[in-house]
Amino acid sequence: MTTIRTLTRPEVRTPSTTKKWPIVMGFLAPALLLYFVFVLWPIIQAMHYSVYHWNGLEPLTDFVGFNNFTKAFGDPVFRSALYHNFIILGLSLALQLPFALFLAVMLDQNLKGRALMRMLFFAPYVLSEVVTAVVWRQIFRPSGAIDAVISGVSSHDFQGLWLANPKIVLYSLFFVITWKYFGFHMMIMLAGLQQIPDELQEAAAIDGASSWQAFRCITLPLLAPAIRVSVFLSMIGSIQLFDVVWVLTGGGPINASNTMATYMYDWGFERHHIGYANAVSVIVFGLSLLVALAYQRWALRRDVEGSLTAMGA
Amino acid sequence: MHKYTRATWFVVLLVVLSLVACACGDDTVTTTAGAEATTTTAAVTTTEAPTTTEPQPVTIEWWHIEVSDPGLSLWQDVADEYMAAHPWVTINITVQENEAFKTALATNMQAGDVPDLFQSWGGGALREQVDAGLVQDITDLAAPWVDQISPGALTMMMIDGKLYGAPWDLGLVGIWYNKTLFADAGVEAPIATWEDLLADVQTFQDAGITPISLAEGDKWPGMFWYAELALRIGGADVMEAAAVNQNFDDPAFLTAGEELAALVALDPFQAGFLATPWDTPDGSAAVLANGNAAMLLMGQWAPGTMRSNGPDLAASGELGWFSFPAYEGGAGASTDAFGGGNGFAVGNDAPPETVDFLGYISSVDVATRIGETGARLPVVIGSEDSVTDPDLAAVLAGMSQATYFQLYLDQAYPPAVGAAVNDAVALLFANAGTPQDVVDAVNAAWAGE
Amino acid sequence: MVDDVVDLATRPTQLPGSGRRFEIRSAVARGFLYLVALVVLATIILPVLYVILGGFRSTPQLASDPLGLPHPWLFSNYRAVLGLGSFWRQVWNSTLIAMITVGLVLPAASLAAFVLSRFRFKAREGIYTLFTFGLLFPVTVAILPLFIVVRQLHLINSPLGVALPQAAFALPLSIIILRPFFASIPGDFEEAAMLDGAGPLRFYWSILLPLSRPVMATITVLTIVTSWNAFLLPLVVLNKSVQHTLPLGVTNFSSQYTTDTAKVLAFTALSMIPALLFYVIAERQIVKGLAGGAIKG
């Protein structure tokens, strides 16, 4: 009997607007205060620092304008880091998300041990990056667990150089990232799947649609909001990737697994070029913004007020 | 309604937690000696030397990076002894591992918060700190004890003639080798020239022995090879000029890169060396300790690290040391030393007791104990006998006879330039860069300072 | 009537799979699914198991025979770690910071999401967009200016110095998850509440929040997980080792005992347990919350 209206946003109808403002402001105050002091102000500061050449220790005097930005795009190491971010982004969208979707659909079936599987699939997300790195470093090290397995199976001494070979380290990294985050995306899709009312499925079955047809024409479109959320978070996450990379490979060897964030950290904390590092962080922020806006424009062109998705930005 | 009660409890809990959190901001734990880092109750600090018979209580914030024994216990004992002798002084020790220390120090310094006494490697980073006014000129305050330290070593913590701290460990880099493997391959130690070394690499390979163990995963070990070659080829003058003029334009640097590339072309390193770390059970130290390679270019801490990660070659007499080979036709002398060490710098706000404590660390007694750990080489005159290991004694002798001392390049130069050297040399090792690229990269980094 | 509503909305959501999606009936296909599930489970469990079992062996054993089972079973590594006062201190610090962070995020985010979803005012979309910007700017990238702010507020070495920024950075995602959920609650409830003489605050407290338990639980879990695993912020804010959180402890421990791999594995295994335990307890909430919150379609 309780209907959940989805396309309208019910408003509080108060007698006059003036009475609302204290409430609105009062309710918003804690969040706004926290947000301004610890998020907005640092962002503004970062933008401020980004136009200086500064080692963080001396006074802020060496104004260089956009030099830091041109320097970044002129640095092959930064460009390769940017490239790595987009490789990871592409791989995530092409491999990780379909995989998560597949698992979500699978868990939606009446398989035995569903609940346990669901719990275990999400578990890696809960582990910290440091722990993840320790675990996988041990497994990937020369003559480590993986090498031992392959040696055992192929009966000759195998050394995979998973993290030592510049050509494959990025993909080893992607594997670890997938391991850590696929459960999270799977959960989002699973939740979306459970929103789909049974009646639609039953109606399709009555109309003679095959399982695949039902999936393609009913499930998938109705799953779109969940997929959109997942895609969005995945894209932003790929652009900002830091923790796992830094602890697992440090961006190496020879910058083969560098991301923009590890590059920024290196230049800021190790080389003491704070202004430059802040410029890189502004670039990361700008790219994320660009992606977010472009995505919203493309993905939400049919929606009203963005109310069908969780991303109302 | 029960909902209110639950919510109320939650709010109460939150308030209580916040109060606890605020109180925890000044948490205190009593001092215990032993394997854990400790802090003691912080008393109010003053910066005046005690002028009355009742000295004002003073706190010294000490940050070091010896996270494990023997260094961890040694520094704790030293602090305890000093505190016992000077009851009004409290020393708060913060121990962090290397990378965490650098990050924490950087952020603290950038916020203007400098520890009173902290780990330092001298060189460009120290110069940055001096320029920013974050470290104290202790030339005068240290006068009572500064002569205890060997003058050559002291220069490590000096910038433009003024002293900003004190070293407690200094050594030079050389080639550590496995005597058994050398005998097996029929190679004579010491290897006299660079040309001999290249030939010997071939000999080792023919005998089925990996010639060189290299931890290029950490990048600085590769830089060691480059720096030694540059020093032998160009000599002291070229190295000094490079630091002053801030470029690698001298042809010696290009030649060094070419010679290094020639070595890399022989493929003399262990498998996966591009990502091999230094100090882990599967690191480059362990490779040598386990008898899986013949040679290792490393500093004075090598035996200690090898001991922790594998069999004790030194104890079984299989470990040897010789200084880096000469370069025929090069301007360098074989008594030119490339190396570095550890020191403590004094923060700009540190109380005078800090300098006095540093004097205690620089005493013959403490220096002797440092030497006895077998992992470091003390710099205090009169403590040389504490170094009993023959190889380390050879290193110490090399230090005392050094005609010129070049600090590690990634310490001597500003951090960004040092990182550029490390990175460019790593590319050389990966066959992804040319010798000219190294010169260009370093010049560009210096220009960007 | 309020009680009815609360009842209805907090009734557990459909059990997964109870309604027929497109059901895979072929036995071969189902067999294939089980195989896939098995492989995935193996990739998840085996590494974790490797770490846990590794703690029961000695380092030389690990080096020479990476895949072997503990034989004999060494308890000394685990015992050593469990006996470390610093380990438990770190657990406590991590717990404290996580709880404070949650205690800040829940009220702030829910109040904000409430007005952003159910009130109409000119600045509303602007403020909402402002909050979503926070998603695009992770802590790593803001760390230096953030550190300076924390220091100016004299919060260095205090759990609040970590909890406050973490709460602030958790606001965007929380508000984004809460807003559509709050928006979907029918206006009837509010009108009923107003008829009963309740103002917005009363409505928020007695109707909105109880209805939102699942999605609030989701946010709680996500916030706790993020806070528990945070590394960089505690690293720069908490200098005294007595204040360190567990990820810092793992890093320090693994570099302190870099040569004793078995002990490092034991420490790592033990540090996984609180997170996993908490997750096991809270797992149901996540599914319910995600179902009821962000994906409200």
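Predicted model: local features only at pLDDT ≥ 70, side-chain atom pairs only at ≥ 80, totals over all residues.
Buried area here is the accessible area (1.4 Å probe) that the two parts lose on being put together, summed over both. On chain A's side, A:Phe27, A:Tyr35 and A:Phe38 supply 8% of what the chain buries against chain C, more than any other three residues.

In head counts, 110 residues of chain A are in contact (heavy atoms within 4.5 Å) with 116 residues of chain C. Look for salt bridges (a side-chain nitrogen of Lys or Arg within 4 Å of a carboxyl oxygen of Asp or Glu) across this interface and you'll find zero. Helix α1 (residues 17-49) of chain A gives the most to the side touching chain C, with 21 residues; helices here are DSSP runs (H or I) of at least four residues, numbered from the N terminus.

## The nonpolar core

A nonpolar core is a set of buried (under 20% relative accessible area, 1.4 Å probe, protein chains only) Ala, Val, Leu, Ile, Met, Phe, Trp, Tyr and Cys residues joined through side-chain atoms within 4.5 Å. The largest one has 205 residues, and A:Phe121, C:Phe114 and C:Leu116 have the most contacts inside it. Helix α5 (residues 85-118) of chain C gives this core the most, 17 residues.

Which residues does C:Leu116 touch, leaving aside its neighbours within four places in sequence? Among them are A:Leu28, C:Phe121, C:Ile127 and C:Arg179.

## Reading the labels

Residues are numbered from 1 along each chain as its sequence is written, and chains are lettered from A in the order in which they are written. Local features need pLDDT of at least 70, side-chain atom pairs count only at pLDDT 80 or more, and totals for chains, interfaces and linings use all residues, while side-chain values use heavy atoms, leaving out hydrogens and water.

Methods:
Helix = DSSP H or I, 4+ residues; strand = E, 2+ residues; numbered from the N terminus. Buried < 20%, exposed > 50% of the residue type's maximum accessible area, 1.4 Å probe, protein only.
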